[in-house]
Amino acid sequence: MISRLHDPDFNRWACQIKRTGGCRQPIHLRGKVEHYDQLTGDLLHRYSTNIEPNGVLRVSCKTRRASRCPACAEVYRADTYQLVRAGLVGGKGVPETVNTHPCLFVTLTAPSFGVVHARREKNGKVLPCHARRDASPCPHGRVLSCTDRHSADDPRLGEPLCPDCYDYDGSVLFNAISPELWRRFTLALRRRFARLNGLTVKALREHVSIAFAKVAEYQRRGVVHFHAVIRLDGPDGPNTLPPAWATADALAQAVQHAAAAVTTEVKPLCRTFRWGTQLDSRQITMDGDLTDQAVAAYIAKYATKAAECVGTLDRRIQPLDDLNALPVREHARRLIAACMRLGSQPDLAELRLIHWAHMLGFRGHFSTKSRRYSTTLGALRAAREEHMRTEEITTGRFPLFEEDTVLVIAHWEYAGQGLSLSEQLLAAAITGVRLPQIGGDPQ
Ligand SMILES: [Zn+2]
Ligand SMILES: [Zn+2]
Ligand SMILES: [Zn+2]
């Protein structure tokens, strides 16, 4: 740390670290950018990482996952919030009139794969977990009853009352097919909404389009469910009003029907999956119980979480890894083992369960949206980078050129990632970002 502090390049290093916004694992790039005049071939400007400390430029890792880099995940969360919010109240290129379009917040859950410890509350009082006075023992001799009132941080939450009865295969298969189940749900929703209004799907398209934004969330038991914003637009997306007959009530009815109707099969195992019976569908309003702000914040919160909050690993699991040695809870270990076992079955190869074992079988995107919902994360990122570039120009780093008269030749290579322990301390002091705990994240 002392040698870094006394290094003549310290200010330049600190400046780079500041620009990464407190990234925990910045990526090191080695390379150069050259600007040439298209007409004369003159070199107008050259930047090379040779002049940087250790010959590398440090840029932020841009991860989505808070367990890997809190600072970059926070940027992602804020972007997701803006993206979801723009779809509800306008902004970022979406007209403000979208706030008058009928809009629902829908939660689609997974079915039950066995009884798990749960914390339930009623009128602020915690209820007994799963009290069954007359429960007979399961085939493994366990009585499937639990009268405990679990605290919110009880590690048993989400774990089965009898692990030997629990359907681990079903749980990971559901995670694996859930993106397809979601896709079928959106198709069935359009079909049902058209029929409710006496139209074909094709005819509906001339009057109404249905826009979606959704996130996946892991429940404690290790299975994903989805939260979605579903909005009715006119035929040309958010810029056009939906007709008066396209109401939130009709949409809610179609959601109920479609959620109950769709199924997805895992043919080699003759198993059929559908959504759980717990369907939540509520109208989003500008004031009242469920506001646009609350929904956007809720969706954005889940956008930075992955399966590690269930207590599984933050990295891929290799086929040769000793599952018994993995630092995970028994429930997660059994889910991972189910992925490894089913994944080695040739007729299930397309589910890629081994590749996604650390995600407990889920290989979908965490946050997705239909094309016309609102702006994109890419557009938000581009806007921010443009802002950074303008800043660089004003600080004299890059001179201003006319884009179409200048030839830009860039060459970059990856030169590593991360910060040493002493660099982490210095970076925390420079950026004011909380230090990672030595020895990894708390589960
Ligand atoms: Zn980062
Ligand atoms: Zn319990
Ligand atoms: Zn049992």
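**Close-up views: a strand pair and a zinc site**

**View 1. Strands S7 and S8 side by side.** Strand S7 (residues 209–218) runs antiparallel to S8, joined over 10 bridges; pairing requires that DSSP finds at least two bridges between two strands, and strands (E, at least two residues) and helices (H or I, at least four) are DSSP runs numbered from the N terminus. Ala213 sits opposite Val229 in S8. The hairpin of S7 and S8 has 5 residues between the strands, and there Gly222 adopts a positive phi near 95°. This is a predicted model, in which local features need pLDDT of at least 70, side-chain atom pairs count only at pLDDT 80 or more, and totals for chains, interfaces and linings use all residues. Residues are numbered from 1 along each chain as its sequence is written, chains are lettered from A and ligands numbered from 1 in the order in which they are written, and side-chain values use heavy atoms, leaving out hydrogens and water.

**View 2. The other neighbour of S8.** Strand S4 (residues 103–108) also pairs with S8 in the antiparallel sense, over 6 bridges, with Leu104 facing Ile230 as its bridge partner. In S8 (residues 224–233), 10 of 10 residues are buried (under 20% relative accessible area, 1.4 Å probe, protein chains only).

**View 3. The zinc ion (ligand 2).** His117 (ND1), Cys129 (SG), Cys146 (SG) and His150 (NE2) coordinate the zinc ion at 2.0 to 2.4 Å; donors are N, O and S atoms within 2.8 Å of the metal (3.2 Å for Na, K and Ca), and water is not among the atoms, so sites may look incomplete. The 4 donor atoms subtend angles of 102 to 116°, so the arrangement is tetrahedral (four donors, all angles between 85 and 135 degrees).

Key. Four donors count as tetrahedral if all angles lie between 85 and 135 degrees; four count as square planar and six as octahedral if opposite donors are over 155 degrees apart and all others between 65 and 115; anything else is irregular. Buried means under 20% relative accessible area, exposed over 50%, partly exposed in between (1.4 Å probe, protein chains only).
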